Amino acid sequence: MNMRTRILQITAVFPPMLALIVGLTLFLRVQREDGVGRKLLVAETTVNQIADLDSLLHAYLRRPGEQERNEWAAQYAVIGKTIREFTSIREEYTYDVERMRTDYAQMRALFDQLARRKQNGAGSGAAGSEAGTLTAERAELQLTAKGHSVSACAFRLALAAHMEAVAAQQNFDALIIILSSVLAVLMAVAAYAAVREQLLEGKRVGETLRKADVRLSDAITKLRRASEQASQQERLHALELAAQGAAHDIRNMLVPVLSLSEMLQEWRNRNSVDPSAVSTVAETIERSARRINAAIDHLDKFLHVARA
């Protein structure tokens with residue numbers, strides 16, 4: 001496996017990684033938004049329940065009966081369940097949570113004092129005899145103020161949750177941007193490395209082909225030279241065979257000439273020359289000479305072709 005294949009394999013992993021990171025970030029973001037939505041809903045519910053509790057308080061003050069008191073107590077218990085759903089968002093908001101719970105508990109004590117005052121039928125002039133106790137009007141005002149304080153704390157906690165969600169959303173977006181940028185840079189680097197590796201591979205292949213072409217040219221040159229040498233050797237061998245054949249033919253043709261010459265020499269020595277025999281010998285010598293001449297012409301043509 002070459003380097004370019006490894007780089008391409010690594011690059012192919014980047015898009016799924018980016019999709020996984022973005023998906024996980026969006027999932028956490030949605031979970032965070034759901035938590036904020038629940039806190040906002042709890043805050044809105046708390047404010048509405050405090051408003052209902054305030055209405056029940058005014059109804060009780062107008063007609064302080066057992067039914068009105070029980071309705072107020074029931075609404076108070078419902079608010080307690082809602083408040084328990086609040087959790088501390090950050091350490092700096094723990095005060096609001098504790099303040100809301102404290103005010104909620106004090107609302108019960110103030111309402112009980114107010115109820116006792118209503119049951120005892122104490123008037124406004126009983127303030128001196130009841131030292132350290134609250135008047136009905138003052139208890140009503142403090143009870144209303146505590147309810148508003150609980151609503152304000154719930155609103156601040158909801159606002160804090162919203163602000164924290166906005167900050168988390170910005171952090172998630174920044175994380176997605178950073179991770180996307182990092183992966184994009186890595187993909188670009190990997191792509192550059194793959195292209196560079198491919199160019200180097202092409203260069204190496206080109207250099208290899210060039211060297212192979214040089215070796216092929218050398219081989220063709222050597223083969224051509226060997227072929228020329230072989231052809232020349234074949235020509236020389238053929239020329240040698242032709243020369244040997246021609247020499248053999250010429251020797252064969254010279255045999256009757258030499259024999260006839262010796263015969264003429266003997267006839268001259270014996271002074272017994274037959275004219276008809278001399279004529280026959282002359283003809284034979286002429287034919288042999290012509291054959292020798294033809295053989296020499298044939299050899300000359302062959303040598304001319306061989307030289308070409």
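Let's start with Asp-103, which counts as buried, at 2% relative accessibility. Buried here means under 20% relative accessible area, exposed means over 50%, and partly exposed is in between, using a 1.4 Å probe and protein chains only. Before I go on: this is a predicted model, where local features need pLDDT of at least 70, side-chain atom pairs count only at pLDDT 80 or more, and totals for chains, interfaces and linings use all residues. Residues are numbered from 1 along each chain as its sequence is written, and side-chain values use heavy atoms, with hydrogens and water left out.

So what does Asp-103 form a salt bridge with? The partner is Lys-146, and the closest N and O atoms are 3.4 Å apart. By salt bridge I mean a side-chain nitrogen of Lys or Arg within 4 Å of a carboxyl oxygen of Asp or Glu. Lys-146 lies in helix 4 and Asp-103 in helix 3, so this pair ties together parts that are 43 residues apart in sequence. Helices, by the way, are DSSP runs of H or I with at least four residues, numbered from the N terminus (strands are E, at least two).

Ser-149 is in helix 4 too. Ser-149 is buried, at 14% relative accessibility, and it touches Arg-99 and Asp-103, leaving out residues up to four places away in sequence. Touching, or contact, means heavy atoms within 4.5 Å.

How many salt bridges does a search of the whole structure find? The count is 6. One of them joins Arg-108 to Asp-112, with the closest N and O atoms 3.7 Å apart. Those two are 4 residues apart in helix 3, so about one helical turn separates them. Arg-108 is partly exposed, with a relative accessible area of 30%.

Further along, Glu-207 and Arg-210 meet in a salt bridge at 2.6 Å, N to O. Both lie in helix 4, 3 residues apart, again about one turn of the helix. Here's the general idea: an α-helix has 3.6 residues a turn, so residues three or four places apart point the same way. Glu-207 is partly exposed at 34%, and Arg-210 is partly exposed at 44%. There's also a network: salt bridges that share partners join Arg-99, Asp-103 and Lys-146.

Now for the greasy part. The largest nonpolar core has 26 residues, and those with the most contacts inside it are Leu-57, Trp-72, Met-100, Met-107, Leu-143 and Val-150. A nonpolar core is a set of buried Ala, Val, Leu, Ile, Met, Phe, Trp, Tyr and Cys residues joined through side-chain atoms within 4.5 Å. Which elements give two or more residues to this core? They are helix 1, helix 2 (66-84), helix 3 (94-120) and helix 4 (136-270). The largest share, 8 residues, comes from helix 3.

Zoom in on Trp-72: not counting residues up to four places away in sequence, it touches Leu-53, Leu-56, Leu-57, Met-107, Arg-108, Phe-111 and Leu-143.

Last stop, helix 1. Gly-37 lies there and is partly exposed, with a relative accessible area of 35%. Gly-37 and Ala-158 are 121 residues apart in sequence, yet 9.0 Å apart in space, C-alpha to C-alpha. Leu-28 sits in helix 1 as well, which covers residues 3-62, and Leu-28 is partly exposed at 39%.
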